[in-house]
Amino acid sequence: MRQSKKLGQCFLKDKNFVKKAINRAEITNNDIVLEVGLGEGALTKELAKIAKKVYVIELDERLKPFADEITAEFENVEIIWSDALKVDLKNLGFNKIVANLPYQISSPITFKFLEEDFETAVLMYQYEFAKRMAGKPDTKEYSRLSVAVQYNADVEFICKVPPSAFSPKPDVNSAIVKLTKREPKYHVKDEEFFKKVLKAVFQHRNRTIKRALIDSSHEIEVDRDNLKGILEKIENEFDFTQRVFKTPPEKIGDLSNLLYDEIANLE
Ligand code: SAM
């Protein structure tokens, strides 16, 4: 079978990284595990040996021979032939996720996972994406993605994975990340609005919060002059002179709440 670049088909060959991912997910025989991307089943087989049940979502039906071999050996594996972004995950009842993700869907699949109720997810991403997920304020990796993912999960960067661990070798480095789902550490009045504020300010991560907001006022759907008026009114309630990349997530939460109330007053 010719592996598809478009589907991110770089299969994991180095067993050490398979073991590492499974160890860090602390899989036991009580766990129901979700995997996205069967490939040739390198992760699936090892998961199936330990977990109670493994659901694997795979888009490419050309991989059926590998699936048939695995389901013949392991009764606890169920393959869902579909686009993972379109599957309703709600009814599967998994508590852990382990996957070497197709990198082209990294962002939407991660946010889809974060809407679900799970304990831990051990996931493989492109290295730079993984670093941004784990990014802390005042570092070059701190981004909209860092704040959005860390809103309801702890992110632990586990290790870098070199191209030589895969076949065919990808052009980029990869990394394993562990997500532990938890309640948000700060209160956000409106999560949709918070996402818009994140998008607005991180478009200009080196600018001050004030400048970034004014330059991206369209993202929060407020007229530029109205926004300037709002910022003048609340200038004593928030440090608008701080640079975006130095502003901690909970402060961006405060900013979102302040703006949310003021914009509601405009309407
Ligand atoms: N788990 C295997 C491994 O570690 O060797 C395969 C990982 S490979 C990086 C990604 C897999 O995801 C491929 O098998 C690919 O066909 C599949 N895939 C790509 N896009 C997908 C999607 N939208 N939904 C489900 N599977 C997808």
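**Notebook: domains, ligand site and backbone geometry**

I began with the spacing of the two domains: the centres of domain 1 and domain 2, taken over C-alpha atoms, are 34 Å apart. The model is a predicted one, in which local features need pLDDT of at least 70 and side-chain atom pairs count only at pLDDT 80 or more, while totals for chains, interfaces and linings use all residues. Residues are numbered from 1 along each chain as its sequence is written, and side-chain values use heavy atoms, with hydrogens and water left out.

**Domains.** I noted the bounds as 5-181 for domain 1 and 191-265 for domain 2; such bounds come from an automatic or database domain assignment. I then looked up the contacts (heavy atoms within 4.5 Å) and found ten residues of domain 1 touching 13 residues of domain 2. The two domains bury about 1000 Å² between them, 65% of it on carbon and sulfur atoms. Buried area here is the accessible area (1.4 Å probe) that two parts lose on being put together, summed over both. On the domain 1 side, I recorded that Y142, R144 and V147 supply 53% of the area buried against domain 2, more than any other three residues.

**Ligand.** I listed 23 residues around the ligand, with Q9, L12, G37, E58 and A84 coming nearest; a residue counts as near if one of its heavy atoms lies within 4 Å. The shell comprises twelve nonpolar, seven polar and four charged residues. In this grouping Ala, Val, Leu, Ile, Met, Phe, Trp, Tyr, Cys and Pro are nonpolar, Asp, Glu, Lys and Arg are charged, and the others, Gly among them, are polar.

I next checked N and O atoms facing the ligand. A ligand oxygen atom lies 3.1 Å from a backbone N or O atom of G39. A ligand nitrogen atom is 2.9 Å from a side-chain N or O atom of D83, and a backbone N or O atom of A84 is 2.9 Å from a nitrogen atom of the ligand. The protein covers 98% of the 590 Å² of accessible area that the ligand has on its own (Shrake-Rupley method, 1.4 Å probe).

**Backbone.** I found a cis peptide bond from S167 to P168, with omega near -10°. I also found E26 with phi near 50°, a positive value in a residue other than glycine.

Conventions:
Polar contact = N/O pair within 3.5 Å; in protein donor to acceptor, adjacent residues only side chain to side chain.
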